[in-house]
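Welcome! Have a look at the sequence and the structure shown here, and then follow the briefing topic by topic.

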Amino acid sequence: MKKYYVTTPIYYVNDAPHIGSTYTTLAADIIARYYREKLGKDNVFFLTGTDEHGQKIAESAKKNNQTPIEFADSIVPKFKEAWKLLNINYDYFIRTTDPRHEKIASDLLQKLHDKGYIYPGTYEGPYCVGCERYYKESELLNNRCPLHPDKDVSYQKERNYFFKLKEVVENEVLPKIKNSDYKILPEIRKNEVLARIEQGVEDISISREGVTWGIPLPWDKNQTCYVWVEALMNYYSATRFLENKEIFWPADLHLMAKDILWFHAVIWEAILIAAEIELPKTIFAHGFFTRDGQKMSKSLGNVITPQELVDKYGVDGSRYLLISAVAFGTDGDISLEAFDQKYNADLANGLGNLVSRVTKLAEKSDFEFEIGNKNHFDKNVAKHIENYRFDEALKLIWQKISDLDKKTNEIEPWKLEGKDLRSFLQESILTIRHIAYNLQSFMPQTAEKILDDFKGPKIKSVEPLFPRI
Ligand code: MSP
């Protein structure tokens with residue numbers, strides 16, 4: 001049986017969703033919708049969720065005078081609402097505080113311990129709570145974490161347990177990456193990962209002594225599991241504790257931005273190899289949305305929220321603008337000014353105008369049209385989606401829109417009548433239905449509406465799909 005399992009990172013609950021986290025989740029939604037259409041809906045599993053343990057969440061909760069779980073409970077609905085707002089249709093929302101996840105994570109840790117991959121030690125070094133990770137001195141910029149330049153790192157020295165990352169990476173992970181036993185995409189990211197491995201890998205501490213908000217180590221209850229190790233396990237645990245989901249492991253695609261690629265492309269693989277679990281097939285790291293060249297983040301105060309977008313551009317307008325904003329995989333600056341322009345050009349004047357033009361002519365002609373029920377993905381659109389080039393897939397679809405627009409201008413169907421008019425309209429209607437079908441994973445409501453408007457036999461003129469801004 002063919003199946004497809006796609007995941008997003010599980011987001012920290014210290015922050016409400018912004019369009020950065022929305023970007024990844026939307027991309028996963030597009031791919032899940034595409035494969036549901038291709039393989040059947042039961043053969044796709046799309047997992048997202050929240051990462052709720054660790055020092056960062058405990059500190060944010062404290063600032064809010066809440067217990068960590070109260071705090072997490074108050075943020076989780078914000079994620080669910082945002083995904084609903086954008087018509088993101090995930091199959092399951094996992095929370096790492098779910099006891100079923102905790103149990104599976106704990107069993108996995110015990111397994112690593114039993115197989116001799118864990119040993120006690122002490123760790124000393126700069127720790128960034130924002131990233132929830134230790135840094136090497138050489139990685140810091142002006143003594144601060146490069147991703148959180150607004151905060152000091154803390155120097156921590158702790159007794160904790162280590163995972164034999166070095167050994168597993170050198171003996172197993174590196175050859176597997178080189179052989180493409182699993183894929184790291186885009187290629188440039190794979191090369192970065194390889195280069196970093198070549199520089200030398202150190203064992204990682206997998207537990208924290210000073211952090212109580214976490215999953216206790218099964219063999220030493222005075223320590224909790226390091227949040228990253230346990231968070232990665234969510235992808236696997238969901239397929240074990242949910243009913244009828246075992247067949248989805250290994251994941252077909254772990255999606256994320258480049259900030260957390262190392263965890264997914266190297267550490268996660270090493271853990272799975274040590275636990276003798278099959279590896280995911282593809283790790284894809286896209287770029288960052290930036291504003292004026294800076295990463296969008298709450299601490300920098302330059303975020304755009306999904307609600308702001310939807311208020312302005314509608315659900316599908318927002319989905320379109322987000323996913324076509326930059327070539328999928330690269331960084332890119334985004335601005336509302338650029339979104340306004342693109343909305344007017346591609347949606348109001350492009351797709352929307354074409355649909356209203358053709359429906360008007362069809363209504364006026366009063367002909368009956370044949371629709372048939374066959375429709376298919378354009379081969380190249382499908383290829384781009386399967387290669388995670390969503391922007392390219394959309395470019396192809398928009399080429400079809402502008403081709404039909406041009407043809408309409410040339411033929412001037414408003415001057416035609418009888419057989420000529422009918423044959424022009426008949427063909428245009430099928431083309432628009434084909435366009436809508438190909439758009440369905442990107443703009444599901446719009447696609448459905450267009451397919452419904454062009455259902456035949458008679459066609460009525462419609463309200464503009466995308467009112468001009
Ligand atoms: N909790 C960890 C992930 C654990 S996964 C086992 C985490 N959470 S996060 O809330 O910080 O989310 C990081 C992810 O959010 C990025 O990898 C990316 O998917 C998304 N993005 C956050 N900001 C973004 C941009 N400005 N641009 C693009 N993606 C963004 O890390």
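Tyr 320 is buried in this predicted model. Its relative accessible area is 3%, and a residue counts as buried when that value is under 20%. Let us begin with its surroundings and then move on to other parts of the chain.

**Tyr 320 and its surroundings**

- You can find Tyr 320 in helix H10, which covers residues 306-324.
- Which residues does Tyr 320 touch, leaving aside its neighbours within four places in sequence? They are Lys 342, Asp 346, Leu 347, Leu 394, Trp 398 and Met 443.
- Tyr 320 and Leu 26 are 294 residues apart in sequence, yet from C-alpha to C-alpha they are 9.9 Å apart in space.

**Ile 31 in helix H1**

- Ile 31 belongs to helix H1, made of residues 19-39.
- Is Ile 31 buried or exposed? With a relative accessible area of 1%, Ile 31 is buried.
- If neighbours within four places in sequence are set aside, Ile 31 is in contact with Tyr 4, Val 6, Leu 253, Ile 385, Tyr 388 and Phe 390.
- One of these contacts, Tyr 4, is 27 residues from Ile 31 in sequence, with 9.3 Å between the two C-alpha atoms.

**Helix H8, an enclosed helix**

- How many of the 8 residues of helix H8 (residues 234-241) are buried? The number is 7, so H8 is largely enclosed by the rest of the structure.
- The buried residues of H8 are Asn 234, Tyr 235, Tyr 236, Ser 237, Ala 238, Thr 239 and Phe 241.

**Helices H14 and H15**

- Helix H14 spans residues 418-439 and helix H15 spans residues 444-453; their axes come within 8 Å and cross at roughly 155°.
- Angles over 145 degrees count as roughly antiparallel, and H14 and H15 are therefore roughly antiparallel to each other.
- The crossing of H14 past H15 is left-handed.
- On the H14 side, the contact is made by Ile 432, Arg 433, Ala 436, Tyr 437 and Leu 439, while H15 brings Ala 447, Ile 450 and Leu 451.
- Sorted by class, this contact of H14 with H15 has 7 nonpolar residues, 1 charged residue and no polar ones.

**A sheet of three strands**

- Now trace an open sheet of 3 strands, with the order E9-E11-E10 and antiparallel pairing.
- Why is one side of E9 and of E10 left without a neighbour in the sheet? Both strands stand at the edges, each with a single partner strand, so one side of each has no neighbour there.
- Strand E9 (residues 207-208) pairs with strand E11 (residues 220-225) over 2 bridges, in the antiparallel sense.
- Along that pairing, Ser 207 stands opposite Cys 225, and Arg 208 stands opposite Thr 224.
- Strand E10 (residues 216-217) is also paired with E11 in the antiparallel sense, over 2 bridges.
- Here Leu 217 stands opposite Asp 220 of E11.
- A hairpin through 2 residues joins E10 to E11.

Notes. Residues numbered from 1 in each chain as written. Predicted model: local features only at pLDDT ≥ 70, side-chain atom pairs only at ≥ 80, totals over all residues. Heavy atoms only, no water. Axes fitted to C-alpha atoms, helices over the stretch in contact; angles between N-to-C directions. Helix = DSSP H or I, 4+ residues; strand = E, 2+ residues; numbered from the N terminus. Parallel < 35°, antiparallel > 145°, perpendicular 65-115°, else oblique. Left-handed = near helix turned anticlockwise from the far one by under 90°. Contact = heavy atoms within 4.5 Å. Nonpolar A, V, L, I, M, F, W, Y, C, P; charged D, E, K, R; others polar. Pairing = 2+ DSSP bridges. Buried < 20%, exposed > 50% of the residue type's maximum accessible area, 1.4 Å probe, protein only.
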